[in-house]
Each structure stands twice: as structure tokens, then as C-alpha cells.
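Please keep the sequence and the structure in view while reading.

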Amino acid sequence: MENRKILGVIGGLGPIATAHFMELVINMTDVNTDQQHLPMIVYNMPFIPDRTAYILDNEKENPLPLMLSFGQQLQKQGADCIAIPCVTAHYFMDALEKGVDVPIINGVRETVAHLKENGIQRVGIMATDGTISSGIFHRELEKQGLVPIAPSKEAQKCVMHLIFENVKAGIPAEMDRFFAAAEDLKEQGAEAIILGCTELSLIKRDHQIGAGFVDAMEVLARQSVLSCGKPLKKEYDCLITK
């Protein structure tokens, strides 16, 4: 019988990023008919509290209880594994894995592994303040023997402006800020740069950003296809931009 594993998605973090994630999964799957595509149960829940706000100030509302609740509901509805198209939400991965009894795909771990497989050693990180301060990429990069490089203070302000004042606000990305942040990381020796926020994934979708970037959401989508036993199109074997 044909494989019919179901992917559960805890989404809405933000909503456009979730829609883009679904499109990535569909486009990456090497099939010929509707019926062969990967079934998904998608919870688009934008009211989940802001992850960065809580990481930076634990007095703010904790998003974990709602994410756990939706993960448990997806499990009950038959999801075989779960993806969360929000990199900052990976801060809560340990607690989510303990509270949900189906595998949750770790996009941070898979992104670092993909870079390592492709011979990258020094890695720049473009992500939210919450992701940077939590150290989730730093720890995983060091664990897998790679060198993490964070933006300078000014470059990080550019990244946050792009994420919150541009993409989340529905305003066109100010690409001079994007390239300034990328150049800062390259000057520090980065061989490749992780786009470690789903809003940055949308910038990659809409703009020519050049070589040496890997989009963590593309890696998450790729691994979702593979984890659910679907065939991957050959052009997605390597996700580092050329």
C-alpha cells in the first residue's frame, strides 16, 4: 500500500511563512498526481504569543502551553510527525518533545547537519534577537563541530528591522539592510549564512540574494518530505544558494 504518513504543522508563526512552508513541501515532493502528495494537517494559529518577546523577557506570555496543546491535538488527529515553521519556536523543542509522543522535526539540527554535509565550517547566523540570545544555533553548530558567527550589534538591528518592521508588517524588505547584515557576517569569515527566521525565508523567495545562503525553512520542508517517506526532487539535494 502507498505510504500515507501525515505531516502535522504548528503554524501561524507567522501566517505567510506557514503558507510558504506548505508551498515548499509541495514543490519539493517528486510526484505526478494530487493523490501522491504529502497529506498535511495545518494549524494556522497566529494568536500564539510572540516567541522572541518571551525569550527576552520571561514575564511576557509563554507560548509553550498553546504550542504543546496544538502538538497534542495533531497527534490525536493522526499526525506521524510534526513541523513548526518558526525557527525561534525551536527554543522550546525539549519541552515540546517531552509533551508530544510523535517526532517533531528539529529544523535547527537539520540545517546545521546540511551545512556540515556540504563542507561548510564557518557559519553566519541571521535570526531574531530571541534566537541569537537563546544560542540554539550556536550550540548546535558547536556540537556538530562548526564555528558560529553572530552579527555585530548594528547588523543585528538591521536583521530585526527586516523581520519585524518590514516582513511581519507587510512592508517591502529594505534590501540594503539585508546586504549590510550579510556583508558584516562575511567580513567576520562566514563561508555560508543561515537564514534563521521564516520572515527571512520570504525575503529569499522574493529577491535575488546571491550565493552562500541556506534557508532553515527550506531545510525543514525538505526534511518533512523525507521524514514522511515521500520522494524528493533532485534539485533540492543541496539547499545552499549558488
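In this predicted model, 14 residues line the largest cavity, and those nearest its centre are Arg51, Cys86, Thr88, Thr128 and Lys168. The volume of this largest cavity is about 80 Å³. Three helices, H2 (51-56), H8 and H10 (198-206), each contribute at least two residues to the lining. Sorted by class, the lining of the largest cavity holds six nonpolar, four polar and four charged residues.

A search of the whole structure gives two cavities of 30 Å³ or more. The second largest cavity contains about 50 Å³ of space. Its lining consists of Ile84, Pro85, Cys86, Val87, His90, Gly107, Val108, Thr198, Ala216, Met217 and Leu220. Two or more residues of this lining come from each of H5 and helix H11 (216-227). The largest share, three residues, belongs to H11. The lining of the second largest cavity has eight nonpolar and three polar residues, and no charged residues.

The structure also has pockets to consider. About 290 Å³ of space lies in the largest pocket. It is lined by 14 residues, among them His90, Asp94, Asn106, Ile136 and Arg139, which lie nearest its centre. Helices H4 (93-99), H5 and H7 (136-143) each supply at least two of the lining residues. The lining of the largest pocket comprises six nonpolar, two polar and six charged residues.

The following table sets out the volumes and the lining classes of these spaces.

| Space | Volume | Classes of lining residues |
|---|---|---|
| Largest cavity | about 80 Å³ | six nonpolar, four polar, four charged |
| Second largest cavity | about 50 Å³ | eight nonpolar, three polar, no charged |
| Largest pocket | about 290 Å³ | six nonpolar, two polar, six charged |

Helix H8, one of the helices that supply the lining of the largest cavity, also packs against another helix. H8 (residues 153-167) and H9 (residues 175-187) meet at an angle of about 145°, and their axes are 9 Å apart. The crossing of H8 past H9 is left-handed. On the side of H8 the contact involves Ala155, Cys158, Val159, His161 and Leu162, while H9 contributes Arg177, Phe178, Ala181 and Asp184. By class, the residues of this contact are six nonpolar, one polar and two charged.

His114 is located in H5 (residues 107-117). Is His114 buried or exposed? His114 has a relative accessible area of 3% and is therefore buried, the limit for a buried residue being under 20%. Beyond its neighbours within four places in sequence, His114 makes contact with Val214, Arg222, Asp237, Cys238, Leu239 and Ile240.

Helix H11, which gives three residues to the lining of the second largest cavity, also contains Glu218. The relative accessible area of Glu218 is 11%, so this residue is buried. When residues up to four places away in sequence are not counted, Glu218 touches Leu24, Met28, Lys204 and Leu239.

Leu64 belongs to helix H3 (residues 64-76). Because its relative accessibility is 16%, Leu64 counts as buried. Residues up to four places away in sequence being left out, Leu64 touches Phe92, Ala95 and Leu96. Leu64 and Ile48 are 16 residues apart along the chain, and their C-alpha atoms are separated by 8.6 Å.

Glu142 is placed in helix H7, one of the helices that supply the lining of the largest pocket. Is Glu142 buried or exposed? Its relative accessibility is 52%, so Glu142 counts as exposed, the limit for this class being over 50%. In sequence Glu142 and Val112 are 30 residues apart, and from C-alpha to C-alpha they are 9.6 Å apart in space.

A further feature concerns the backbone. Where is a cis peptide bond found? It joins Leu13 and Gly14, and its omega is about 5°. Gly14 is situated in the loop between strand E1 (7-11) and helix H1 (15-28).

Notes. Residues are numbered from 1 along each chain as its sequence is written. This is a predicted model: local features need pLDDT of at least 70, side-chain atom pairs count only at pLDDT 80 or more; totals for chains, interfaces and linings use all residues. Side-chain values use heavy atoms; hydrogens and water are left out. Axes are lines fitted to C-alpha atoms, for helices over the stretch in contact, and angles run from 0 to 180 degrees between N-to-C directions. Helices (H or I, at least four residues) and strands (E, at least two) are DSSP runs, numbered from the N terminus. A crossing is left-handed if the near helix is turned anticlockwise from the far one by less than a right angle, and right-handed if clockwise. Contact means heavy atoms within 4.5 Å. Ala, Val, Leu, Ile, Met, Phe, Trp, Tyr, Cys and Pro count as nonpolar, Asp, Glu, Lys and Arg as charged, and the others, Gly among them, as polar. Buried means under 20% relative accessible area, exposed over 50%, partly exposed in between (1.4 Å probe, protein chains only). On a 1 Å grid over the protein atoms alone, a cavity is a set of points where a 1.4 Å probe fits but cannot get out, and a pocket is an open set with protein on both sides within 12 Å along at least five of seven lines; lining residues have an atom within 4 Å of a point. Grid points are joined across faces, edges and corners, and a volume is the space filled by probe spheres set on the points.
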